[in-house]
Amino acid sequence: MPKLSDTQLILLASAAQRDGGSVLPLPDTLAAKAASTEKSIAALVKQGFAEERETSDHTAVSRVDGDLRYGVFVTAPGLAAIGIEAEVPDNAEGGTDAGGGYAATPVVAANPAARATKSASVVALLERNGGATLPELISATGWLPHTTRAALTGLRKKGHRIVRGTRGGATCYTIGAAA
């Protein structure tokens with residue numbers, strides 16, 4: 001798994017949950033720090049995890065050039081970087097857009113343990129070096145705070161060792177080896 005910042009992981013995870021795979025609009029947890037988020041988006045594009053292409057969705061627009069509107073969308077390598085397989089259709093009408101991008105539809109991996117579920121994304125975020133904060137988990141899943149905390153409790157009940165610590169003044173959670 002490539003080294004990605006917390007912001008980049010949140011951007012990719014939220015884009016993977018959208019039908020078109022758009023990185024925009026920004027999740028609520030990132031909206032306050034738009035300047036640093038722009039740098040993270042630019043880094044994702046540079047690494048090939050996201051691409052800029054023409055869009056007609058006004059909520060996904062990142063820049064306007066005359067009559068053309070451009071948005072930033074997650075790519076198949078971007079989905080793979082967060083553990084989601086991209087569906088690559090055989091024909092042009094099966095889900096690629098005019099920009100040649102992949103459909104951001106998660107498909108079930110051959111390994112059932114690697115399914116693209118919200119719980120699996122929580123586990124992936126917790127397994128990262130440095131873990132994840134509650135706002136990051138909420139942004140990645142779209143769950144309410146109490147639901148996210150309940151998911152952490154559920155992971156404990158399944159035998160995962162959840163370790164609570166601090167990072168930058170915020171409480172962060174990491175996952176240890178199964179108990």
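Predicted model: local features only at pLDDT ≥ 70, side-chain atom pairs only at ≥ 80, totals over all residues.
## Basis

Local features require pLDDT of at least 70 and side-chain atom pairs pLDDT 80 or more, while totals for chains, interfaces and linings use all residues. Numbering starts from 1 along each chain as its sequence is written, and side-chain values use heavy atoms, without hydrogens and water.

## Overall make-up

The protein chain contains seven helices and eight strands (DSSP runs, H or I of at least four residues for helices, E of at least two for strands, numbered from the N terminus). Of its 179 residues, 37% are buried (under 20% relative accessible area, with exposed over 50% and partly exposed in between; 1.4 Å probe, protein chains only).

## Three-stranded sheet

An open antiparallel sheet has the strand order S1-S3-S2; strands pair if DSSP finds at least two bridges between them. S1 (50-54) and S2 (61-65) are edge strands with a single partner strand each, so one side of each has no neighbour in the sheet. Four bridges connect S2 with S3 (residues 68-74), and Asp-65 stands opposite Leu-68 in S3.

## Salt bridges

There are six salt bridges (a side-chain nitrogen of Lys or Arg within 4 Å of a carboxyl oxygen of Asp or Glu). In the pair Arg-167 and Asp-6, the closest N and O atoms are 2.1 Å apart. Arg-167 belongs to strand S7 (residues 162-167) and Asp-6 to helix H1 (residues 6-17), so the pair ties together parts 161 residues apart in sequence.

Glu-136 also forms a salt bridge with Arg-167, at 3.2 Å between the closest N and O atoms. Shared partners join Asp-6, Arg-128, Glu-136 and Arg-167 into one network. Glu-136 is buried at 10% relative accessible area, whereas Arg-167 is partly exposed at 27%.
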